[in-house]
Structures are given as structure tokens and as C-alpha cells.
Amino acid sequence: MIIDGKAFAAALRAEVATGVALLSRVPGLAVVLVGSDPASAVYVRSKGKACREAGMASFEHPLPAETSQADLVALVHQLNADPAVDGILVQLPLPDHIDANAIIAAIDPEKDVDGFTPENAGRLATGLEGFVPCTPLGAMMMLKATRGDLTGLEAVVIGRSNIVGKPMAALLLGESCTVTIAHSRTRNLPAVVRRADIVVAAVGRPEMVRGDWIKPGATVIDVGINRVDAAASDTGAKTKLVGDVAFAEAEAVAGAITPVPGGVGPMTIACLLKNTLTSAQRRER
Ligand SMILES: Nc1nc2c(c(=O)[nH]1)N[C@@H](CN(C=O)c1ccc(C(=O)N[C@@H](CCC(=O)O)C(=O)O)cc1)CN2
């Protein structure tokens, strides 16, 4: 079974639009983009379009690559204080001269719709309500819809980033899974993955997870988005997108699997809208 992220995302976006229509004012999302990374520019454009389609305002702040850390912090403080802004998002990655942790820490946790601030990360780790990072949140929604109760299942998360691996592991633990976080120093990774009823691959290495690593019937969530040479492509395109999982091999063994593209990616933006709506609803109370 292929898990259709586009369909999940369309349903969630429609639900968000309904929620927005019930508010007494238009919710606003501020999106800050530093530099001109082409992939980031595409994601930021998609976020703005998705906002408008859901009835929200999108405040876009494109900044030159040489923007200083102090100027970026000043902008974040300005957005923290702006009553029209319910959510603040600083698109990652940031240029090397900027300390991303310092920028994230400057965001008001109540407007941190990316769920990246230490406050929201701590809330998730301790089981308190807060904003949950969009990619793991979307992955968890699809997992629960596909598998139902996850209690007691063995879950292996490959990758220990703050934006996917760690929050994903916390969410799985919250659903009473037995969770292993594997990473680049894990010994005998294929054997670790073979134990898993749920595999979440978030390593950023094209097609690293092979079909014979997957336990028959397991659910595979592929978070990787890797652009690779498409010499063999019949569409004529020079590059193509692949995940961290060798899809054709894994699909033959897995019970359910997310594709790339069309899996977790579309849910990332839908969950961003959901978190922005939640922020606006909290402000209205
Ligand atoms: N501040 C943030 N920065 C980044 C995040 C994030 O959640 N917050 N995540 C990623 C990029 N990202 C959103 O920002 C993102 C990545 C991928 C997709 C998506 O829909 N992908 C499509 C394929 C798109 C393509 O053709 O390139 C898919 O998988 O089907 C949406 C959002 C890093 N930065």
C-alpha cells in the first residue's frame, strides 16, 4: 500500500480552511527567507500560496544572503511583537555565518509554528502541549491513519536531527512504541532496521535503506528529499527526487510506504497551516 501524502494534505488543508473561516480575524504567517537557495525559495513560495488558499495572510520577508545575525534577530523580535502575526517561520538552512540555534531561540514560543524553539522541543519531550515540528507531525498523522493504535510496536527512526529525528522519536514514544534512534555511528544498521514494525528514514542519503532491510509488512515513512542525477529518466529531466529508501525494493516487502515525492513533503506544509490556525485560535480565546 502506498500512503498518499497529497490526499492526506488536501484533506488537512480543507479542514484548516474551515477553521480559518470561523475566526473573527485573518490569521497571519510570517515567513523569513535569507539568501537565494533555489529549493528554499520554492518551499517558501509554496507556503505563501498554501496560506492564501486557506484564507490566511502570508507576510514574506526575503533577505539578502549577507544579512547579519543581529539584523535577523531584530526582524524576529519585530515579528514577535506584531499582533497581525500568529506564526513565525525562518526557512532553513540559513547561511553559514548565522547561528540557526540563536535565531530559533529568538522566536516567541507562542508563535513558533515550526515547533523548533527549545521551549516547544522541551514541551514535546516532556509530554506537554506545544507546537510540534511539521514534518514529524505530518508523518505521525499518516502513521496513525494507516496503522491505528501503535502501542507496543517497534519503531526505528534513522536520523537524529532536531527538526525530524528527535521529535519523531518523541511522538512515537508518546504513542507507546518501543523506539530506537539510529544514526551514522549505529553499528549494523540493517539488522537494527530489520527489527522494526515502523521505519522512519530521515538521513538525507539517497536510497540508503534497501528492501532487504525491511521486515515484511512494516510501515515505512520516508522523510528524505534528495535530488539526484536522472540519467536514466525517460522524462528528459536532468535530475529527479528520491527518498532515503530504495522505493521499488522496499515497496515489495513493506505493508505500507510513503513515496517521494508525494509522501511526507506535502504534509509538512499542511501541518504548518494547522499549527498557524492553532496559534490564531489560542490568541482568540
Ligand atoms: N523552517 C523550516 N525549514 C525547513 C523545513 C521546515 O519544516 N521548516 N523543512 C524542510 C523544507 N520544507 C519546508 O520548509 C519542505 C520540504 C519539502 C516539501 C515538499 O512538499 N516536497 C515535495 C517535493 C517538492 C519538490 O519537488 O522539490 C514532496 O515531497 O512531494 C515541502 C516543504 C527544510 N527546511
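**View 1. Helices H6 and H10 are roughly perpendicular to each other in this predicted model.** H6 covers residues 134-147, and H10 covers residues 264-284. Their axes come within 8 Å. They cross at roughly 105 degrees. An angle of 65 to 115 degrees counts as roughly perpendicular, and therefore this pair is described that way. Two packed helices are described by the angle between their axes and the distance between the axes.

**View 2. Residues of H6 meet residues of H10.** On the H6 side, look for Cys134, Thr135, Leu137, Gly138, Ala139, Met141 and Met142. On the H10 side, find Val264, Met267, Thr268, Ala270, Cys271, Leu272 and Asn275. By class, this contact has 10 nonpolar and four polar residues. It has no charged residues.

**View 3. A shell of 18 residues lies around the ligand.** Tyr43, Leu92, Pro261, Gly265 and Thr268 come nearest. The shell divides into 12 nonpolar, five polar and one charged residue.

**View 4. Helices and a strand supply the shell around the ligand.** Helix H2 (38-53), strand E3 (87-90), H6 and H10 each give at least two residues. H10 provides the largest share, with four residues.

View 5. The domain assignment gives domain 1 (25-110) and domain 2 (134-265). The C-alpha centres of the two domains lie 28 Å apart.

Methods. Residues are numbered from 1 along each chain as its sequence is written. This is a predicted model: local features need pLDDT of at least 70, side-chain atom pairs count only at pLDDT 80 or more; totals for chains, interfaces and linings use all residues. Domain bounds come from an automatic or database domain assignment. Axes are lines fitted to C-alpha atoms, for helices over the stretch in contact, and angles run from 0 to 180 degrees between N-to-C directions. Angles under 35 degrees count as roughly parallel, over 145 as roughly antiparallel, 65 to 115 as roughly perpendicular and the rest as oblique. Two residues are in contact if their C-beta atoms, placed from the backbone, lie within 7 Å. Ala, Val, Leu, Ile, Met, Phe, Trp, Tyr, Cys and Pro count as nonpolar, Asp, Glu, Lys and Arg as charged, and the others, Gly among them, as polar. A residue is near a molecule or strand if its C-beta atom, placed from the backbone, lies within 6 Å of it.
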